[in-house]
Amino acid sequence: QVQLVESGGGLVQAGGSLRLSCAASGRTFSTYAIGWFRQAPGMEREFVAAIGRPSPFTAYAATDYEKSMAGRFTISRDNAKNAAYLQMTSLKLEDTAVYYCAAATSLGRTTLAYPYWGQGTQVTVSS
């Protein structure tokens, strides 16, 4: 089991950047894929990006992005720090949402694929 805590959210102007962090407890962080999701008011929770478990030989970890966010958002992980990150640039008003990180044994794009969730961090983009 893994526990997740997000941080780094806040208020930012359109066009600005934010870096979200996801801190994980436990010594098995590297065995989990990490996903980022977001939920705007009145909307369903949607997939943002995910990063897979690193290869034990090359440390390479596969990534996946929602098409509309690829190129603006970058997901990464630091297994030595038990952390994952979501670097967000060129933020738009429609990026305003609560952002959640989640953990699963394999990469996925649906909320059902992730059994472990953080409490979320609010990102508000202003004009």
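Tyr 32 is buried, its relative accessible area being 8%. The structure described here is a predicted model. Tyr 32 belongs to the loop between strand 3 (18-24) and strand 4, and strand 4 itself covers residues 33-39. This briefing treats that strand, its partners and the aromatic contacts in turn.

**Strand 4 and its partners**

- Strand 4 is largely enclosed by the rest of the structure, because six of its seven residues are buried.
- Strand 4 runs antiparallel to strand 9 (residues 97-104), and seven bridges join the two.
- Within this pairing, Phe 37 has Tyr 100 of strand 9 as its bridge partner.
- Strand 4 also pairs with strand 5 (residues 46-51), again in the antiparallel sense, over five bridges.
- Here the bridge partner of Trp 36 is Ala 49 in strand 5.
- Strands 4 and 5 form a hairpin with six residues between them.
- In the turn of that hairpin, Gly 42 has a positive phi of about 75°.
- In a regular strand, side chains alternate between the two faces of the sheet.

**The pair of Tyr 32 and Tyr 116**

- The count of aromatic pairs in the model is six.
- One of them is formed by Tyr 32 and Tyr 116, whose rings are 5.8 Å apart centre to centre with 90° between the planes, an edge-to-face arrangement.
- Tyr 116 is partly exposed, with a relative accessible area of 23%, whereas Tyr 32 is buried at 8%; the cut-off for buried is under 20%.

- Because Phe 37 lies in strand 4 and Phe 47 in strand 5, the pair ties together parts that are ten residues apart in sequence.
- Both Phe 37 and Phe 47 are buried.
- These two residues belong to one aromatic cluster together with Tyr 100, Tyr 114 and Trp 117.

**Charged groups over rings**

- Arg 45 places its charged end over the ring of Trp 117, at 4.9 Å from the ring centre.

How values were computed:
Residues are numbered from 1 along each chain as its sequence is written. This is a predicted model: local features need pLDDT of at least 70, side-chain atom pairs count only at pLDDT 80 or more; totals for chains, interfaces and linings use all residues. Side-chain values use heavy atoms; hydrogens and water are left out. Buried means under 20% relative accessible area, exposed over 50%, partly exposed in between (1.4 Å probe, protein chains only). Helices (H or I, at least four residues) and strands (E, at least two) are DSSP runs, numbered from the N terminus. Two strands pair if DSSP finds at least two bridges between them. Rings of Phe, Tyr and Trp (its six-membered ring) pair if their centres lie within 6.5 Å; planes under 30 degrees apart count as stacked, over 60 as edge-to-face and the rest as tilted. A charge sits over a ring if NZ of Lys or CZ of Arg is within 6 Å of the ring centre and within 35 degrees of the ring normal.
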